[in-house]
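Work through the exercises below with the sequence and the 3D structure open beside you. Try each task before you read its solution.

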Amino acid sequence: MSEETPAGAQKVTRREFLWYAWASSLALFMAGSGGATLAFAYPRFKEGEFGGKFYMGRVEDFEDGSVTPNRDGKFFLVRIGDEFKALYQVCTHLGCLVRQTDEGYACPCHGSKFAKDGRLVASPAPRDLDEFAVEIIDGEVWVDTGAKTKGQNRNV
Amino acid sequence: MAENKETKSRRDKAREWLNGYLTSVFAGLSPQDLRDMFRGKPPGRPNPRYKPHTTSFWLHMKPRWYPKSVTRFSYTFALGWASAFLAVVLGISGILLMLPYTPSVDKAYFDILNIMSNVPFGKLMRDLHRLGAELMVAIVMVHMLRVYFTGSYKQPRSFNWTVGVILLLITWLFSYSGYLLPWDQLAYWAVTIGTSMADSVPVIGKNIQLLLLGAPAVGQPALLRFYALHVIILPLALIIFFGIHYYKVVRQKISPPPSVAAGLREDKERVPFLPDVLVREALWVILGLLFMLISVVTFFEAPLEMHADPNLTPLHSTAPWYFLWIQGLIKLPDIFGGLVEGKFIYGVVLPGLVFALLFALPYIDRNPSRLPQDRKLAIAIGIVAIILFGVLTWMGTPAYKAQASPQEEIALEFVPTDREGAIHELSWDELAEGTYDTETFVSGAMMYPKGLETFMVELREAIEKELPGGVGTLTITVWQKDLKRIDLDLRWTEGGEEHTFQQHTYIHRNMISD
Amino acid sequence: MNVARNLIVTTIAAILLMALLIAIFLGESARMHEAALAQKGESIARGAMLYDSYCAGCHGKRGEGLAGIYPPLNVENLWEGREDIAFYGSLHDFIALNISAGHPNQNMPSWADDYGGPLRDDQVEDLVQFVMNWQGPQPPGVRGEVVATPTPAPEATAEAPTGPVEPGDPERGGELFANTCASCHNTDAKGGALGPSLVRPDIAAQDDDFFRETIINGRPGTAMPPWGGTLSAQDIEDIIAWLRERQAEE
């Protein structure tokens, strides 16, 4: 029995409003439960776990030009002057791990080459090595493997 | 003029499309039908609010209307509904808890610790799951009692009663299999005790136990089997049998109250599912969740004892509360002259008999009347069964025949080594370093911290009761940074000889929430 | 059935439920942190109990060790002076390794069940947490020489074992032996990793004073520590009585 009354022609009664409030509150609750489920299921990373933060040492412990690999974190900590970089070891081509060479890093899978500071030197990789955020807190060097920035695209 | 007609028809077309789409979403109820329902308008004929029950999957499982007499809360107490509600809560919380849990004897316990300290809402989910499990067992048993006392199991619902008894068994198995998963002392020993009855079965007992545990004793194979039972085998069985059970309830309708069934009064009024019962069930869902959440936030906590230790049975080991009646039974004296083990009769035969009787009830009870006045024997037996259950349950607790020596009991209550006791109620500062003696301790003089005073007074009373003439000495020593050692020495005279007993434990500052 | 009333109550309850969820969420971070700290504290407390059973016999009740034989564990910095050992792990790993696998040449038995010992890995971890809790500054009396011992049972004293004694009670001696001596001499006194058999003929032939002297003063240069400060004269009589019974059985 469908009347052709255009929607909104009838004014919403108090009783009807109650229903809309009821439905909204239930929808809100479902959304809240969904949020709680998400918070439950989203992984947290402990310090020292890949995805979490790694303590590398004090600033003085690293020489200028040094490259310190970290196996669990899958990165190379490089000091250039006063700047620290944490280069993600995964090649930006298809995902193999790059190895250290005299000039920098090389990928054993398809021959991509990178300079010591992560810059792309030889393709087929399309961009520089990705980096993890490095924080210096009270002279301590921390690498956050949960915060990754992509390397710059390059044509070589 | 032609333009107006086109735009109008485009708007109309859009409205038409929206109405049609919403009608299909609401399974045959158009937006206007819905609004009429919301506004409290009585339905027209034919009643459009019956349409979803024939076109929608979910609603085809629910009755279109209920006789008013069965909707009275004090008739069924919504116990069947509550069982289904809890099953859903347990299913969802259970699936979530599967994400951070590994069924390995090396990992399980630590995954539980991780859930409680490193997973947001982890403790909440675990407490909800445990509360749901305890409530589920209680509610299905009370549901069974309700159905028994209203005689609803009689024809034509006898088959559904037997399906219900199978569901009861599935519920118990769910709870028991889940009990083992935290792999703590409580879990390990409750399951060891329970499954030890399996091998008392003559001839094939050993084989049954091996099948149950996958090994001669509870270990990794048992954990895997119980896990598989808990997360897939039993859920599948539940879906099958609950499906049958609920299908029969909808097809045969909820049994009318005995007086209506006997024709003593009439019930012609109908309560429609849409909107009345739907709104009421939504209310129950929210109130049920609110009750559970508040319980979990205030007083209810899922227990976790120490890591399972196959070499040390803790004092006062008990089965889960719904199996305490069996634990009580097996404490009865062995009167079978060595022909069969007592625990076979008490632990296997008798519970099996009880289960068989429950199963066959509708076929044993041939009385067609459901009125209490015509069923005096059945009602009496029901009441006696409840009392017996209560007595046997009490007998299953450590209070009956399972007390250790008085000195061990005192030490267990006041300075336990593997659980929380009276000493853990003191705050860190109240655990003042020093030696305190029940003989010389002065109470009421404000010399000592309040918690310590309460402890010593209670200790003195306990000693007077259990070890008359005895003396207790409490020594608190700062042992390491944030760690204190608590020593309890008990000295008493018995039969002219002096006896001593010592027990000590350690408390770390972070163990006490001050 | 009052539909309007049910609608209102449900709406209010659902909002309450949401508020409760949000309140819990806001407190979760702090609660989890507290729980993690509590779990670590419980680990240390369990470690202390395990230490009493398995380690105190050699490393001392308060971790003071025995000069020259068993290293002290209660020192402020266990790493001090250990650059000689080529070990790349953390202090935690070092302690865990020593407890689990032992030091076969240095009288430290292996304790982890992977290496034949009695402890599960989580129990080793509890012990590591307990030992590591000795690092750094401690409240007074923790590392001190004189320490308030718990009020002992009437028979045991903290002074040198003198005073009138009754004939030894072998049953009591057996208990004392199990708790004090068995870790080195084995529960049947037939000898273990560190201690020789006490029932073999040449030792059994010695007189009571030999045993008293050895137990009280130990044997410098060997793994046998002096027990005069821990066992009373009566304790020693009881142990000797039990040993004599075992020797008679041989």
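**Exercise 1.** Which residue takes a positive phi in the hairpin of β9(A) and β10(A)?

Solution. Bear in mind from the start that this is a predicted model, in which local features need pLDDT of at least 70 and side-chain atom pairs count only at pLDDT 80 or more, while totals for chains, interfaces and linings use all residues. Residues are numbered from 1 along each chain as its sequence is written, and chains are lettered from A and ligands numbered from 1 in the order in which they are written.

Begin with the strands, which are DSSP runs of E with at least two residues, just as helices are runs of H or I with at least four, both numbered from the N terminus. Strand β10 (residues 140–149) of chain A runs antiparallel to β9(A) and is joined to it by 7 bridges; strands count as paired if DSSP finds at least two bridges between them. Within this pair, Ile137(A) is opposite Glu140(A). The hairpin leaves 2 residues between the strands, and Asp138(A) is the residue with the positive phi, near 55°.

Now follow β9 (residues 131–137) to another neighbour, β4 (residues 83–88) of chain A, to which 2 bridges join it in an antiparallel arrangement. There Leu87(A) has Glu131(A) as its bridge partner.

**Exercise 2.** How many residues of chain C are in contact with chain B?

Solution. Residues are in contact if their C-beta atoms, placed from the backbone, lie within 7 Å. By that rule 39 residues of chain C meet 43 residues of chain B, and helix α1 (residues 3–54) of chain C gives the most to the chain C side, with 25 residues. That side divides into 26 nonpolar, 9 polar and 4 charged residues, where Ala, Val, Leu, Ile, Met, Phe, Trp, Tyr, Cys and Pro count as nonpolar, Asp, Glu, Lys and Arg as charged, and the others, Gly among them, as polar.

**Exercise 3.** How do α5(C) and α9(C) lie relative to each other, roughly parallel or roughly perpendicular?

Solution. Chain C has 9 helices and 0 strands, so the task is to compare the axes of two helices. Those of α5 (residues 170–180) and α9 (residues 233–249) of chain C come within 7 Å and cross at roughly 100°. The two helices are therefore roughly perpendicular, a label for angles of 65 to 115 degrees, whereas under 35 counts as roughly parallel, over 145 as roughly antiparallel and the rest as oblique. Residues that meet include Leu176(C) and Phe177(C) in α5(C), and Ile239(C) and Trp242(C) in α9(C). By class, this contact has 7 nonpolar, 2 polar and 4 charged residues.

Technical notes:
Contact = placed C-beta atoms within 7 Å. Axes fitted to C-alpha atoms, helices over the stretch in contact; angles between N-to-C directions.
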